[in-house]
Amino acid sequence: MRRVREVILGADASMSERIQYGVTFASSKSGDFAAFVRYREPGVNLRLMRGGRLQGRYSHLEGKTVKRMRISDEKEASARAAELKLMVKEWCSLGDAAKAKKKRRSQPTQARSR
């Protein structure tokens, strides 16, 4: 977890971390970037609450809207450092767009037949 924290916090000067409800959050002025979850499981489980707003293609992100990344050990964290840095930089560049509620696509209404 230490290596992942170093990568995230070192990727952009605006990144910081805080602990809330026993969970460590990595945040910037754009809002919460990610949270370290499932401490009892081996490795690092990083959850990106608004990860669906990232436009880049990140091969190790899983999920649709709430994205997550699982990292098994320090060696894997170092191997994914470049990808993590790109994600942080993109997140920080979103600014207020990262905080705004994402518009849902409206479903077309179907005509009722009688």
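**Note on the predicted model: sheet, helices and core**

1. Leu46 touches Val4, Ile8, Ala34, Ala35, Phe36, Lys67, Arg68, Met69 and Leu84, leaving aside residues up to four places away in sequence; contact here means heavy atoms within 4.5 Å. Leu46 is also among the residues with the most contacts inside the largest nonpolar core.

2. Basis of the note. The model is predicted, with local features requiring pLDDT of at least 70 and side-chain atom pairs counting only at pLDDT 80 or more, while totals for chains, interfaces and linings use all residues. Residues are numbered from 1 along each chain as its sequence is written, and side-chain values use heavy atoms, without hydrogens and water.

3. Five strands form an open sheet in the order 1-2-3-4-5, with antiparallel pairing. Strand 1 and strand 5 (67–71) stand at the edges with a single partner strand each, so one side of each lacks a neighbour in the sheet. From one strand to the next the twist averages 25°. Strands (E, at least two residues) and helices (H or I, at least four) are DSSP runs numbered from the N terminus, and two strands pair if DSSP finds at least two bridges between them.

4. Strand 1 (residues 16–20) is joined to strand 2 by 5 bridges, in antiparallel fashion, and Ile19 has Thr24 as its bridge partner in strand 2. The hairpin of these strands has 2 residues between them, and Tyr21 takes a positive phi near 55° there. A hairpin of 2 residues also joins strand 2 to strand 3; these strands pair in the antiparallel sense over 5 bridges, and Ala26 is partnered by Ala34 in strand 3. Of the 6 residues of strand 2 (residues 23–28), 5 are buried, where buried means under 20% relative accessible area, exposed over 50% and partly exposed in between (1.4 Å probe, protein chains only).

5. Strands 3 and 4. Strand 3 and strand 4 (residues 44–48) run antiparallel and are joined by 3 bridges. Val37 stands opposite Asn45 in strand 4.

6. Helices on the sheet. Helix 1 (residues 2–11) lies across strand 1, strand 2, strand 3, strand 4 and strand 5, at about 175° to strand 3. Helix 3 (residues 81–94) lies across strand 2, strand 3, strand 4 and strand 5, at about 145° to strand 3. Axes are lines fitted to C-alpha atoms, for helices over the stretch in contact, and angles run from 0 to 180 degrees between N-to-C directions.

7. Glu90. Glu90 is found in helix 3 and is buried, at 14% relative accessible area. Leaving aside residues up to four places away in sequence, Glu90 touches Arg53, Leu54, Gln55, Gly56 and Tyr58.

8. Charge and ring. Arg18 lies over the face of Phe25, at 4.5 Å from the ring centre; the criterion is NZ of Lys or CZ of Arg within 6 Å of the ring centre and within 35 degrees of the ring normal.

9. Gly63. Gly63 is placed in the loop between strand 4 and strand 5 and is partly exposed, at 39% relative accessibility. Its C-alpha atom is separated by 8.5 Å from that of Gly52, 11 residues apart along the chain.

How values were computed. A nonpolar core is a set of buried Ala, Val, Leu, Ile, Met, Phe, Trp, Tyr and Cys residues joined through side-chain atoms within 4.5 Å.
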